[in-house]
Amino acid sequence: MRQLLLEEYYSYDDYLAFDDGFRREIIHGTVYLMAPAALTRHQDVSRALFLQLCNCLEGKTCNVYHAPFEVRLNYD
């Protein structure tokens, strides 16, 4: 569940400057707080998918990373 934090435009530099311990993400310049931890069912499904992907990609040049993992997408 995402919760809107503030209504102004934020950049990746702003994201790096946050230092309050809260998990958050920025989507199109808007900051959203993230839940502190996933529920057990979510973790079960996540683990099952992670194992399937790891097995499928074994020996390939790409990798699978389990959350939390920071990803920055550029749309220049």
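**Entry 1. The chain as a whole**

I began with burial: of the 76 residues of the chain, 8% count as buried. I took buried as under 20% relative accessible area, exposed as over 50% and partly exposed as in between, with a 1.4 Å probe and protein chains only. The model is predicted, so local features need pLDDT of at least 70 and side-chain atom pairs count only at pLDDT 80 or more, while totals for chains, interfaces and linings use all residues. Residues are numbered from 1 along each chain as its sequence is written, and side-chain values use heavy atoms, with hydrogens and water left out.

I then looked up the confidence, pLDDT, which is the predictor's own score for each residue from 0 to 100. The chain averages 84, and 88% of the residues score at least 70.

**Entry 2. Helices and strands**

I noted 2 helices and 3 strands in the chain. Both kinds are DSSP runs numbered from the N terminus: helices are H or I with at least four residues, strands are E with at least two. From the N terminus on, the order is β-α-β-β-α.

The 18 residues of H2 should span 26 Å, and the end C-alpha atoms are 26 Å apart, which agrees. After H2 comes Gly-59, with a positive phi near 85°.

I found another positive phi at His-28, near 50°, in a residue other than glycine. His-28 sits in the loop between E2 and strand E3 (30-33). Is His-28 buried or exposed? His-28 is exposed, at a relative accessible area of 72%.

**Entry 3. Salt bridges**

I counted a salt bridge wherever a side-chain nitrogen of Lys or Arg lies within 4 Å of a carboxyl oxygen of Asp or Glu. How many salt bridges does this rule give? The count comes to 2.

Arg-24 belongs to strand E2 (residues 24-27). I read Arg-24 as buried, because its relative accessible area is 8%. Asp-20 counts as partly exposed, because its relative accessibility is 43%. The side chains of Arg-24 and Asp-20 also make a polar contact at 2.9 Å. For that term I used a pair of N or O atoms within 3.5 Å; within protein, one must be able to donate a hydrogen and the other to accept it, and residues adjacent in sequence count only if both atoms are side-chain atoms.

Another salt bridge joins Asp-44 and Arg-47, at 3.5 Å from N to O. Both residues lie in helix H2 (residues 40-57), 3 residues apart, about one turn of the helix. Asp-44 is partly exposed at 30%, and Arg-47 is partly exposed at 47%.

**Entry 4. A nonpolar patch**

Tyr-65, Phe-69, Val-71 and Leu-73 make a nonpolar surface patch of about 460 Å². Patches are made of residues with over 30% relative accessible area and no salt bridge; like charges are joined within 9 Å and nonpolar side chains (Val, Leu, Ile, Met, Phe, Trp, Tyr) within 5 Å. The accessible areas come from the Shrake-Rupley method with a 1.4 Å probe, and for residues only the protein chains shown count as cover.

Where is Leu-73 placed? Leu-73 is in the segment after H2, and its relative accessible area of 58% makes it exposed.

Conventions. Expected span 1.5 Å × (residues − 1).
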